[in-house]
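Dear colleague,

I am handing over the structure we spoke about, with my notes on what I found in it set out below. Please read them with the model open beside you.

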Amino acid sequence: MTGAELDARYARQARFAGIGTDGQERLLRARAVIVGVGALGCAIANHLARAGVGSLTLIDRDIVDRSNLQRQMLFDEADAAAGTPKAIAAAARLAAVNGGIEIVPRVADLNAFNAERLLAGADIVLDGTDNFGARYLINEYCVKHDVPWVYGGAVGASGMTLTVVPGATPCLRCLFPSMPPGGALDTCETAGVLAPIVDTIASMQAIEAIKLLAGRAEALHGSLLQIDLWQNQWQSLAVAGARNPDCPVCAGRRFEALEGNAEDEAATVSLCGRNTVQVMPGRPLALDLRALEPRLGRAGGAELTAYSLRLHLPGGITFVLFEDGRALVIGTEEAQTARRIYAELLGE
Ligand SMILES: [Zn+2]
């Protein structure tokens, strides 16, 4: 491809000296995986799709809810009313923005069962998740397979980001040796979250991805960047010398989260700020939702979509079942209640 043949949509980006036509061509050949298509993931995916990253995989376990619309920029009221899976709604929006790239939605919860499969082939992984369990898993996959990844998190009006280049920088585990205990950190549930900080952090993640994919690693910021847009504080901690020689992941090459016994994983997890509990089956299932509809429909009004079976149960509970046996129980925050409903319906 020569500059003259480059799609006009990329003209301003290729004109930028740091990218150039060759950088743009590299972007068009690149494959990025975005884990979590909430507020961070929407903004990252929007940037990378418009920038012309050739293949984008969007992984998300949740469906669009009205409370997402304040900050999750790829969704609208119709998506929330329909309860469309976020990965599907985001892929549809981005396909309308850029028809020249491949966009692959995956309605799934990244876990030890599926991480190797879902992340395979990535040139870079972008963190749009809201929890350290998923980040440890991404970190281990990326160190094991020598794939760069970009951590990001935002809550309230502050956020943090770090770019991990295996072999060159510390990994996440070097800087955060143990998982913060449950309840130790503010979450978007307890502290709320403002959209501009999410966009700021997501933009930092996206530009780091663009630098790496365009072959300009020398331009990476090389720090643990912390930003508070309410207190007006920007803090950049250089991480060049921060590799931990005893790090179990990047020094010891022990991948406990990735190779761990998936049965040890929490079978249920509350989704942040959603009054929703996710229930996982004890083993991966392959359900025929169409065949289940007549029987499960007796428990409440049933709606079959291309991706899920939704049941409207008494007590204001909505039960959304996916083909892999995963379910979202909407209308409760109690894991026990969600488990009981799941067991009653599925007998698992
Ligand atoms: Zn490490």
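S223 counts as buried, because its relative accessible area is 3%, which falls under the 20% that sets the limit for that class. Please keep in mind here, and in everything that follows, that this is a predicted model. The residue is found in strand β7, which covers residues 223–228, and its side chain takes part in two polar contacts that I would look at together: one of 3.1 Å with the side chain of H221, and one of 3.1 Å with the side chain of S236.

T129 lies in the loop that runs between β4 (124–127) and α7 (132–145), and its side chain is joined to that of D127 by a polar contact of 2.7 Å, while the backbone oxygen of N131 is reached by the T129 side chain at 3.5 Å. When residues up to four places away in sequence are not counted, T129 touches V35, L40, A134, R135, I138 and G152.

Next comes the metal site. Which residues coordinate the zinc ion? The donors are the SG atoms of C171, C174, C247 and C250, at 2.3 Å, and in sequence these residues follow the spacing C-x2-C-x72-C-x2-C. Two of them show how the site links distant parts of the chain, since C174 belongs to helix α8 (residues 172–175) and C250 to the loop between β8 (233–238) and α11 (256–259), with 76 residues separating the pair. The arrangement of the four donor atoms is tetrahedral, because the angles they subtend around the zinc ion run from 94 to 122 degrees, and the criterion asks that all angles lie between 85 and 135 degrees. As for accessibility, C174 counts as buried at 9%, and C250 is likewise buried, with a relative accessible area of 13%.

At the level of the whole protein, the domain assignment gives domain 1 as 3–259 and domain 2 as 267–346. The C-alpha centres of the two domains lie 28 Å apart, and their contact takes 19 residues from domain 1 and 18 residues from domain 2. Between them, domain 1 and domain 2 bury about 1,500 Å², of which 57% is on carbon and sulfur atoms.

Finally, is P284 buried or exposed? P284 is exposed, because its relative accessible area is 54% and the class begins over 50%. It is found in the loop between β10 (276–279) and α12 (289–296), and, leaving aside its neighbours within four places in sequence, P284 is in contact with F113 and D324. From C-alpha to C-alpha, P284 and T305 are 21 Å apart in space, and they are 21 residues apart in sequence.

With kind regards

How values were computed: Residues are numbered from 1 along each chain as its sequence is written. This is a predicted model: local features need pLDDT of at least 70, side-chain atom pairs count only at pLDDT 80 or more; totals for chains, interfaces and linings use all residues. Side-chain values use heavy atoms; hydrogens and water are left out. Helices (H or I, at least four residues) and strands (E, at least two) are DSSP runs, numbered from the N terminus. A polar contact is a pair of N or O atoms within 3.5 Å; within protein, one must be able to donate a hydrogen and the other to accept it, and residues adjacent in sequence count only if both atoms are side-chain atoms. Contact means heavy atoms within 4.5 Å. Donors are N, O and S atoms within 2.8 Å of the metal (3.2 Å for Na, K and Ca); water is not among the atoms, so sites may look incomplete. Four donors count as tetrahedral if all angles lie between 85 and 135 degrees; four count as square planar and six as octahedral if opposite donors are over 155 degrees apart and all others between 65 and 115; anything else is irregular. Buried means under 20% relative accessible area, exposed over 50%, partly exposed in between (1.4 Å probe, protein chains only). Domain bounds come from an automatic or database domain assignment. Buried area is the accessible area (1.4 Å probe) that two parts lose on being put together, summed over both.
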